[in-house]
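Student: I have a model open and would like to learn how to read its features. Could you walk me through a few?

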Amino acid sequence: MRPRRMDGEPPRQIAPAPLDVPTPTGKTRPFPGAPVTVRNLQVRIKRPPARATDLELVETERPALTNGSFLARALWLAVDPFRCASDVLTPGLPRPGDVVPARGVGEVIESRHDVFGVGSVVVLDCGLQQLCVSDGPMAGQIALLKGARAIGIAGSREKCDWVTRHARLSGCINYAAENLEARLRQLAPHGVDIFFDNVGGELLERVVTSGALARGARMVQNSCTPAEPEALLARGGHAPGSLEVLRVDLHDYEHRRSEFLREAIAWYGAGRIATKDHVVEGLVNAPAHVLLAMQGGNFGRPLVRL
């Protein structure tokens, strides 16, 4: 299978894999050149997902290699909420029959590629498959590092405690148990200048209609269910042009990934960035994990370990 590309960027090699050592699942990794038996399992979309049964685990044929391609076995897969296209006219969105989108870390087990040899560990977009060929706390912590005062919004006391104690944000509102509108005005008495939205839906509506957004504020929509900004702002009593709305598509900034990683790796190494992962084992548990993330039930970055 040919390596996937994003905006002209090739898969990124992150480190040579050591020989004959335990993998993250505890199994021994064979030395390069040894035969590897891997089933090509995939999680595919049956219909726009509302429950785990809307996703299916299927087995497909092992792809044949051609010159310039490699085959990689997935070690880790990152699950993020996604939108499913409701019609064939919506570009760039997965639709029924497609593999659930995911970014992964994989080990090359066969190669006819000049750069990525057997044993290489690569990062690439591969989807939820075993053959690879509101993030609010992170955004808030980066805002702090850039000199802003950051406030989080989460759906449980446990998450709010983590945000203030570990991510060190100035405050965090439990929208499920607190008066969101009153707490926003209390924590930001002069108004919120930037609202970074990872959720959409009712929570987005409540923030926009809370009266807590400062005039001239910027609303960054990174949610998987974007709202129509004009109608939303009108319902919140905001005149046209009084707020700037910026829709973010992660793939539009793929060319700046290396720039971000240089800063983020240094921050993490210096203990200035806290992270939390929510890990499940095995692809068979991935459909339920996807739905949990889409419903906001995860606590940390949803990951699948294979």
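**Reading a predicted model**

Tutor: Gladly! Let's begin with a helix pair: helix H3 (residues 180–187) packs with helix H4 (residues 201–208) at an angle of about 50 degrees, and their axes are 9 Å apart. Keep in mind that this is a predicted model.

Student: Is H3 parallel, perpendicular or oblique to H4, and why?

Tutor: Angles from 65 to 115 degrees count as roughly perpendicular and those under 35 as roughly parallel. An angle of about 50 degrees therefore makes H3 oblique to H4. The crossing of H3 and H4 is right-handed.

Student: Which residues make the contact?

Tutor: H3 brings Leu180, Glu181 and Leu184, while H4 brings Leu203, Arg206 and Val207. By type, the residues of this contact divide into four nonpolar, two charged and no polar.

Student: Now a loop residue. Where is Asp54, and is Asp54 buried or exposed?

Tutor: Asp54 lies in the loop between strand E2 (40–45) and strand E3 (55–60). Buried means under 20% relative accessible area, so Asp54, at 2% relative accessibility, counts as buried.

Student: What does the side chain of Asp54 make a polar contact with?

Tutor: Its partner is the side chain of Arg47, at 2.8 Å. Setting aside neighbours within four places in sequence, Asp54 is in contact with Arg44, Ile45, Lys46, Arg47, Pro48 and Pro49.

Student: How would I read a strand residue such as Val220?

Tutor: Val220 sits in strand E10 (residues 213–221). Its relative accessible area is 8%, so Val220 is buried. Leaving out residues up to four places away in sequence, Val220 touches Ile194, Phe195, Phe196, Asp197, Leu246 and Val248.

Student: And how far apart are Val220 and Val245 in sequence and in space?

Tutor: They are 25 residues apart in sequence and 6.0 Å apart in space, C-alpha to C-alpha.

Note on methods:
Residues numbered from 1 in each chain as written. Predicted model: local features only at pLDDT ≥ 70, side-chain atom pairs only at ≥ 80, totals over all residues. Heavy atoms only, no water. Helix = DSSP H or I, 4+ residues; strand = E, 2+ residues; numbered from the N terminus. Buried < 20%, exposed > 50% of the residue type's maximum accessible area, 1.4 Å probe, protein only. Polar contact = N/O pair within 3.5 Å; in protein donor to acceptor, adjacent residues only side chain to side chain. Contact = heavy atoms within 4.5 Å. Axes fitted to C-alpha atoms, helices over the stretch in contact; angles between N-to-C directions. Parallel < 35°, antiparallel > 145°, perpendicular 65-115°, else oblique. Left-handed = near helix turned anticlockwise from the far one by under 90°. Nonpolar A, V, L, I, M, F, W, Y, C, P; charged D, E, K, R; others polar.
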